[in-house]
Amino acid sequence: MRVHLTAAAAAAVRRGHPWVYRDGIADGGGHGSKRGEGKRGERAPRGGGVAASGDVVELSAEGAPFLGRGLWDAESAIAVRVFQRTQARPLDERAIAERLERAFALRDGWFAGRDTTAYRLCNGEGDRVPSLVIDRYDRAAVIRLDGDMLAPWLDRLLPHLGRALGALGVRSIGLRARGPSASEDAEGKKLTHLHGPPLPDRLFVRETGIAMEVDLARGQKTGAFLDQRDNRARVRALAGGRRRVLNLFSYAGGFSVAAALGGADRVTSVDSASAAHASAQRTFRENGVDPAAHEFVTADAFDFLEKARARGDRYDLIICDPPSFAPSERAKPRALGAYRRLHAAVARVLDRGGVLCAASCSSHITAEDFLATLDDATLERDDLRIRAIHGQPEDHPTLPAWWEGRYLKFVVLE
Ligand code: SAH
């Protein structure tokens, strides 16, 4: 099956960008659909026959009879994810399994001496295995598929995965459903068992010496936000001697427990989900920290900040890691406004001499865009400097051309 690309899409593929949007297809499949809008791909690639999700397609363009090979997705806005740019070998399950083994081997030893049992074993596109994310939670591995193209390959990949993951000490493999409730079972679980003994709904993992409860069945992402691991360790190091720490959008309390163990007197965790606080408190106890010495507030973060300001509460370390405000390019102006309002409200409760850790997990907001929401005019103060700008940890690699993969910003201001 052959897919003929526009000049712009071909140039992106040559640079190593792993996605072809439907409007990057020169004939067939374009159909006027716009980037990011998830139109159905009712048109077939050129070459006869109708492609189904998971079919191997060969990419070509004007003057380039072979650009690469990828897998077709009949549903999502991304029509093809590109796996190969040379003709050296066929795109089959062996080729994919070898990429996976390389991703696993690259991580060999990274976490051995770091008291860490949860990390990303394969970061999809960033590990040159588009669509496939595998997170390790101790003896369990959870797979997430972006798009539909790899779903038909799973049965063939599982024996390889079972072997390669088994060699690392992973016993069970589960599949995490994408998207909201439609893909959950009657009990609200999003996890399907694929291989090995049944996966626990919840378990404790270790992260840089800290015990962390992870909810594999219902938690966010594949269970936890593994991408903040190094930043949680940074917060732990920053927390020594702090009197009052505020963790906004605290979820399962990863930053909170890091701050408490780092020596903060009192940590206030704010999240709109009370179930997240229950999990955070179990994590505190597992680490020998009494949750009663700290504060867990179920509230909207904006409301909380307004009330805290009115009460005159001040904090000397604040972590602010909201959910993505910009799921698409179109949402960007609104998102920047929301970050500005949030940061202005945060600055009003940050002590002079305090530290602010502000994060954004939206790839549509660049580091410069994000820093503009932390400038003096927004914060209405002139005492803060950027101490550091961090991003994703090394188990979340990206590609030079794949800017969408570099989503995480973690700015430390003091
Ligand atoms: N910082 C966390 C991840 C945050 S995920 C970590 O490192 O693990 C985003 C969290 O924000 C979710 O737990 C969600 O319940 C919460 N949330 C979303 N909107 C909110 C709001 N308006 N106010 C408070 N919490 C909110």
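Contact here means heavy atoms within 4.5 Å. The model is predicted, so local features need pLDDT of at least 70 and side-chain atom pairs count only at pLDDT 80 or more, while totals for chains, interfaces and linings use all residues. Residues are numbered from 1 along each chain as its sequence is written, and side-chain values use heavy atoms, with hydrogens and water left out.

**Stop one: two helices.** Now show side chains: Asn231, Arg232, Val235 and Arg236 of α4 meet Gly254, Phe255, Ala258, Ala259 and Leu261 of α5.

**Stop two: the sheet.** Seven strands make an open sheet with mixed pairing, ordered β15-β14-β13-β16-β17-β19-β18 (two strands pair if DSSP finds at least two bridges between them). On average, neighbouring strands are turned by 15° against each other, direction ignored.

Within the sheet, select β16 (315-320) and β17 (350-360), which run parallel and are joined by five bridges. Ile319 has Cys357 in β17 as its bridge partner.

**Stop three: helices on the sheet.** Select 274-286, helix α6, which packs on the sheet and touches β14 (266-271) and β15; the direction of α6 makes about 165° with that of β15. Then select 332-347, helix α8, which also packs on the sheet, touching β13 (244-248), β16 and β17; the direction of α8 makes about 155° with that of β17.

Methods. Helix = DSSP H or I, 4+ residues; strand = E, 2+ residues; numbered from the N terminus. Axes fitted to C-alpha atoms, helices over the stretch in contact; angles between N-to-C directions.
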